[in-house]
Amino acid sequence: MTVLPICITGEPVLHQPAGSVVDFDAALTTLVADMFETMEAAPGVGLAAPQVGVGKRLFVFDWTDEDGTNSRGVAVNPELWISPPPVGIPDEDDEEGCLSVPGERFGLLRSGRALLRAQDEHGEHYELEAAGWLARILQHEFDHLEGMLYTDRLDAFGTKGVQKAIKRNKWGVPGLSWLPGVDDLEA
């Protein structure tokens, strides 16, 4: 397994819809293993293929909730349905981070429930109902496959903070990435 470089906002693959996965082969199995390794090294709870420079509809996730239940999986060619998102102003409990906007966190209201239909790395179809933070993770990673970062969903106050972070870090241009375990960046 290999830890892959993670693209930083501004890299074109992050800002365009990903293409469907067609081949469920050894190359896909290797990519999935490398993505899990990368996500764990970062550390993160989810990672989408565009974040490692691969424009395919695929993400991995690994989350343990408060009661110790672990949800770990691969979502290939996913479809996602969500409950209506709440209305209001995000607070500290609604803050998200992203490995493609490392070291920054902003509040974003997300739907509390989600239904994921996808294939695993072997092409087997499955369905997963999620609530709470797992639902948030699925929405966040699914957005990556649509060419959207969570920062694209922020309100005017959050957008201003993102713009400052991008300017301060000289992000927002192609060719920038970081390597977990090597570069001193945290999501």
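This is a predicted model: local features need pLDDT of at least 70, side-chain atom pairs count only at pLDDT 80 or more; totals for chains, interfaces and linings use all residues.
Colleague: What makes Glu 146 and Arg 57 a salt bridge?

Modeller: The side chains of Glu 146 and Arg 57 come to 2.6 Å, N to O, and because a salt bridge requires a side-chain nitrogen of Lys or Arg within 4 Å of a carboxyl oxygen of Asp or Glu, the pair qualifies as one. Glu 146 lies in the loop between α2 and α3, while Arg 57 lies in the loop between β2 and β3, so the pair ties together parts that are 89 residues apart in sequence.

Colleague: Why is Arg 57 called buried, and why is Glu 146 called partly exposed?

Modeller: Buried means under 20% relative accessible area and exposed means over 50%, with partly exposed in between. Arg 57 has a relative accessible area of 12%, so it is buried, whereas Glu 146, at 37%, counts as partly exposed.

Colleague: How do you know that Arg 110 forms a salt bridge with Glu 96, and are these residues buried or exposed?

Modeller: The closest N and O atoms of Arg 110 and Glu 96 are 2.8 Å apart, and the cut-off is within 4 Å, so the pair is counted as a salt bridge. Arg 110 sits in the loop between β6 and β7 and Glu 96 in strand β5, 14 residues apart, and the pair links distant parts of the chain. With a relative accessible area of 8%, Arg 110 is buried, and Glu 96, at 2%, counts as buried too.

Colleague: What makes Asp 143 and Arg 153 a pair, and which burial class does each side of it fall into?

Modeller: Asp 143 forms a salt bridge with Arg 153, the closest N and O atoms being 2.6 Å apart; Asp 143 belongs to helix α2 and Arg 153 to the loop between α2 and α3, 10 residues apart. Asp 143 counts as buried at 5% relative accessibility, while Arg 153, at 43%, counts as partly exposed. Asp 143 and Arg 153 also belong to a network of salt bridges that links them with Asp 94, Glu 96, Arg 110 and Arg 136, and by the same rule the count comes to 11 salt bridges.

Colleague: Which residues line the second largest pocket, and how do they divide by type?

Modeller: The lining of this pocket, whose volume is about 210 Å³, includes Arg 110, Asp 143, Glu 146 and Arg 153, together with residues such as Leu 80, Ile 82 and Phe 142. The lining residues divide into 6 nonpolar, 2 polar and 4 charged, and the largest share, 3 residues, comes from α2.

Colleague: What does α2 give to the lining of the largest pocket?

Modeller: The largest pocket has a volume of about 330 Å³, and of its 18 lining residues the closest to its centre are Gly 44, Val 45, Gly 97, Cys 98 and Arg 105. Helix α2 gives the most to this lining, with 6 residues, and the lining divides into 8 nonpolar, 6 polar and 4 charged.

Colleague: Which residues touch the most other members of the largest nonpolar core?

Modeller: Of the 29 residues in that core, Val 32, Met 35, Leu 47, Leu 58, Val 60 and Val 74 touch the most other members, and α1 gives the most to this core, with 6 residues. Leaving aside neighbours within four places in sequence, Leu 47 is in contact with residues including Met 35, Val 60 and Phe 59. A second, separate core of 15 residues includes Phe 59, Leu 80, Leu 134 and Ile 137.

Note on methods:
Residues are numbered from 1 along each chain as its sequence is written. Side-chain values use heavy atoms; hydrogens and water are left out. On a 1 Å grid over the protein atoms alone, a cavity is a set of points where a 1.4 Å probe fits but cannot get out, and a pocket is an open set with protein on both sides within 12 Å along at least five of seven lines; lining residues have an atom within 4 Å of a point. Grid points are joined across faces, edges and corners, and a volume is the space filled by probe spheres set on the points. Helices (H or I, at least four residues) and strands (E, at least two) are DSSP runs, numbered from the N terminus. Ala, Val, Leu, Ile, Met, Phe, Trp, Tyr, Cys and Pro count as nonpolar, Asp, Glu, Lys and Arg as charged, and the others, Gly among them, as polar. A nonpolar core is a set of buried Ala, Val, Leu, Ile, Met, Phe, Trp, Tyr and Cys residues joined through side-chain atoms within 4.5 Å. Buried means under 20% relative accessible area, exposed over 50%, partly exposed in between (1.4 Å probe, protein chains only). Contact means heavy atoms within 4.5 Å.
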